[in-house]
Amino acid sequence: MKSSSLRTPLLCLGLLALAACGGKKEQGPPQMPTPEVGVVKAQPVSAPLNKDLVGRLSAFRSADVRARVAGVLLKRVYEEGTDVKKGQVLFEIDPSVYQANLNSAQANLVSAQATYANAHKAAERTRQLRPQGYVSQSDLDNAEANERSSAAAVKQSQAAVESSRISLGFTRVTAPIDGRAGQQQVTEGAIVGNGNADAGASSTLLTTVDQLDPLYVNFTVGAADLDRLRRAQSAGHVSLSDPTKTTVDVILPDGSKYEQQGQLDFSGATVDPTTGTVNLRAQLANADKRLLPGTYVTIKANLGQQNNVFLVPQQGVARDVAGAYVLVVNEEGKVQRKDITANDLSNGNWIVTGGLATGDQVIVSGLQSVQPGAPAKASPWQPGKDAGPPNGAPGGQPAAGKH
């Protein structure tokens, strides 16, 4: 009797334990909350059409100062590396030989003038006697011929005097333009030559003068890029500015922006067959002579504006081997990847020209907690609450977008 009375309570306890275990299995693991992300809605806007290029500065005008007569260089008159004015004497060449040539030419001129005076008087006398029959027509013809020959000799002597005077003037070498004179190329005492003064062949280079205000910025643009921009303009996606109104911003080697804007003043009409580029040039003010010719600079050419593009904060754009992409929250509340075209930056935003649609909710913050296909709760992005781009990719590094 005792064994049956004890068996009943133990059976009840066992059944209760099995019921309790069964209840725990039905409960399951706890559900994770849907991650919240900050998004910006894509809205079409117009943005500047800028292109980053590399340019090189060159002098507005550059003139070689060469010896135009041969002789011994006596002295340098100017100070190297200083500004000079047009016509200012820079060098002096020994003038003694050219002064002697001028004196000789002047003496020949006086002799020719005396000969002409005698021939003129003889011709006048013959012309007066001819009507009276005292001289023959042949004598008159000879007298007038001598008069004409002596007159021509006077003009020839005058030209020789002028030539000698010019050569003597060339012994004082002057600056051909306003600008900054460079380093002396030939020392005093050296013999300089002119070769051919008109063509400059074999003439001795003495120094150079460069005009530094304004300066030129020379750069190139790929012919394919220009063709793409023109096709985009025809389609209405781009509004190119008038070439006379196109400006460039110059970024100096230290990363600072030059305070003066350049103005485009030349665009090549042909393509360089070796590089496939078109030459362009802008004019840049340089009143304080801060910039020097030969310097390589980065320029931002302002070519116009882009129409119907989207601005996405830098941290919302990532890149991988396939190109640039963003993550969006679609209508189903799930994360979706969209490949985009984003090649230019404007005030901290990527300019997206393809891959997005109006109203797309682009994820900018909370990117580490989501992945494509997973649910996400979208809320307006608050600047400053940024966790960086997905997959650890640096969204601020410029790279070619997916085309």
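Contact here means heavy atoms within 4.5 Å. The structure shown is a predicted model.

**View 1. Tyr258 and the residues around it.** Tyr258 sits in the loop between strand E11 (247–251) and E12. Tyr258 has a relative accessible area of 3%. Buried means under 20%, so Tyr258 counts as buried. Leaving aside neighbours within four places in sequence, Tyr258 is in contact with Val250, Leu252, Leu284, Ala285, Asn286, Asp288, Arg290 and Leu291. Ile299 lies 41 residues from Tyr258 in sequence. In space, the two are 9.9 Å apart, C-alpha to C-alpha.

**View 2. The second largest pocket and its lining.** About 400 Å³ of space lies in the second largest pocket. Its lining comprises 22 residues. Nearest the centre of the pocket lie Leu226, Arg230, Pro243, Ser267 and Leu280. Two or more lining residues come from each of strand E9 (205–222), helix H4 (223–234), strand E12 (262–267), strand E13 (277–284) and strand E14 (296–313). H4 gives the largest share of the lining, four residues. By class, 15 lining residues are nonpolar, six are polar and one is charged.

View 3. H4 has twelve residues. The helix reaches 17 Å from its first C-alpha to its last, close to the 16 Å expected at 1.5 Å a residue. Leu226, Leu229 and Ala232 of H4 are buried. They cover an arc of only 125° around the axis, so they lie on the same side of H4. The face turned away from this buried side carries the exposed residues Ala224, Arg231 and Ser234. The buried residues of H4 pack against strand E2 (45–66), E9, strand E10 (238–240), E13 and E14. Just after H4, Gly236 takes a positive phi of about 85°.

**View 4. Helix H3 and its packing partners.** H3 spans residues 137–169 and has 33 residues. From first C-alpha to last, H3 reaches 48 Å, close to the 48 Å expected at 1.5 Å a residue. The buried residues of H3 are Leu140, Ala143, Glu147, Ser150, Val154, Ser157, Val161, Ser164 and Leu168. These buried residues pack against helix H2 (96–129) and strand E6 (172–174).

**View 5. The cis peptide bond at Pro214.** A cis peptide bond joins Asp213 and Pro214. Its omega is about 0°. Pro214 is found in strand E9. E9 is also among the elements that give two or more residues to the lining of the second largest pocket.

View 6. Lys289 is not a glycine, yet has a positive phi of about 60°. Lys289 is found in the loop between E13 and E14. Its relative accessibility is 25%, so Lys289 counts as partly exposed. Asn308 is not a glycine either, and has a positive phi of about 55°. Asn308 is found in strand E14. Asn308 has a relative accessible area of 55%. Exposed means over 50%, so Asn308 counts as exposed.

Terms used:
Residues are numbered from 1 along each chain as its sequence is written. This is a predicted model: local features need pLDDT of at least 70, side-chain atom pairs count only at pLDDT 80 or more; totals for chains, interfaces and linings use all residues. Side-chain values use heavy atoms; hydrogens and water are left out. On a 1 Å grid over the protein atoms alone, a cavity is a set of points where a 1.4 Å probe fits but cannot get out, and a pocket is an open set with protein on both sides within 12 Å along at least five of seven lines; lining residues have an atom within 4 Å of a point. Grid points are joined across faces, edges and corners, and a volume is the space filled by probe spheres set on the points. Ala, Val, Leu, Ile, Met, Phe, Trp, Tyr, Cys and Pro count as nonpolar, Asp, Glu, Lys and Arg as charged, and the others, Gly among them, as polar. Buried means under 20% relative accessible area, exposed over 50%, partly exposed in between (1.4 Å probe, protein chains only). The expected span of a helix is 1.5 Å times one less than its number of residues. The arc is that of the directions from the helix axis to the C-beta atoms.
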